[in-house]
Amino acid sequence: MTDKYAVFGYPIKHSKSPRIHALFAEQTKQALTYTAEEVPAESFEITAKAFFQNGGKGLNCTVPLKELAFKFADHLSERARFAKAVNTLILQNDGSVLGDNTDGIGLVTDLTGNHQIGLANKRLLILGAGGATRGIVSPLMAQHPVEIVIANRTVDKAINLAEEFRELGDNIHGCGFSDLENQQFDLILNATSASLSNDLPPLPKGILAPNGCCYDLAYGNEPTAFVKWGLENGAAKSLDGLGMLVEQAAEAFYLWRGVRPKTQPVIELLNSERK
Ligand code: ATR
């Protein structure tokens, strides 16, 4: 039987993951199927259990299932433990299921590998303190930035989230948007869901350091509101999250198959389709 993989989410119709994994499988000559399944939170556990019992080898989990996948996993990678969220489940030889989170490493690979944006000794600002932020903090800290500031509309959430990651280093702080006056950052990452409604967190003028970059974890066919803000505010690069999407998928593919697909041709193909 051909090895079976899937992405579970709700909604899932517009997911690019089946396409990305089909391209990876073709490129690396791996025989597998990868489907997208609409799974509401209430039926996640039973559906995931059935998937693995019926020969499934691995799952991706997306909104709103990442916290449930975290609870479902029998074991966790360290980065998933910090994220308290799992986007990749991997069936182990002994029948147990390992939970991992490839979102943060996907982001880091896109920034440092694809776009040559170094993170060491840089000042990083993350906008938002929800699930998307949780998923990226530990891989970002591993790159040794000089500081990570998490700014959020609900200030307590930013302060509490920063506190959770203090174990990894004392160079992480939480604050509100109004505390950002007179500060400068080399990289601003938008991890709020504001983009989806074409909205923007309020950012003071001059917050982007000379040669600073912007990165929106969200992506769309058109530039997001935050990508536009970056371009208008002198960012050396202002990018959206399409590269991160492909890179997190490549990392999941590697965990499942032990083979690393080339991501550049897939990113180029997906990019060409939105122009
Ligand atoms: P996700 O899993 O995508 O991170 P989430 O956990 O619901 O989703 O978090 C959404 C984040 O976007 C939060 O940080 C939220 O701010 P609050 O914690 O104050 O709610 C932020 N957000 C959503 N809409 C926003 C807006 N219009 N302006 C600023 N921040 C916004």
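Two strands pair if DSSP finds at least two bridges between them. The model described here is predicted.

**Strand pairing around β6**

Strand β6 takes part in two pairings, summarised below.

| Pair | Sense | Bridges | Facing residues |
|---|---|---|---|
| β4 (residues 75-76) and β6 (residues 97-100) | parallel | two | histidine 75 and leucine 98 |
| β5 (residues 88-91) and β6 | antiparallel | four | leucine 91 and valine 97 |

Strands β5 and β6 form a hairpin with five residues between the strands. Within this hairpin, glycine 95 adopts a positive phi near 90 degrees.

In soluble globular proteins, nonpolar side chains tend to be buried together. The largest nonpolar core of this model holds 28 residues, of which Leu111, Leu140, Ile150, Leu189 and Tyr215 touch the most other members. At least two residues of this core come from each of α5 (103-114), β7 (123-127), α6 (131-141), β8 (147-151), α7 (155-165), β10 (185-190) and β11 (208-216). Another core lies apart from it and comprises 20 residues, including Ile12, Leu245, Ala252 and Val266.

When neighbours within four places in sequence are left aside, leucine 140 is in contact with Leu107, Val108, Leu111, Leu119, Leu124, Ile126, Pro145, Ile148 and Leu189.

**Leucine 231**

Leucine 231 belongs to helix α8 (residues 225-232). Its relative accessible area is 55%, and because the exposed class begins over 50%, leucine 231 counts as exposed. Between leucine 231 and cysteine 214 the C-alpha to C-alpha distance is 8.5 Å, with a separation of 17 residues in sequence.

How values were computed:
Residues are numbered from 1 along each chain as its sequence is written. This is a predicted model: local features need pLDDT of at least 70, side-chain atom pairs count only at pLDDT 80 or more; totals for chains, interfaces and linings use all residues. Side-chain values use heavy atoms; hydrogens and water are left out. Buried means under 20% relative accessible area, exposed over 50%, partly exposed in between (1.4 Å probe, protein chains only). A nonpolar core is a set of buried Ala, Val, Leu, Ile, Met, Phe, Trp, Tyr and Cys residues joined through side-chain atoms within 4.5 Å. Contact means heavy atoms within 4.5 Å.
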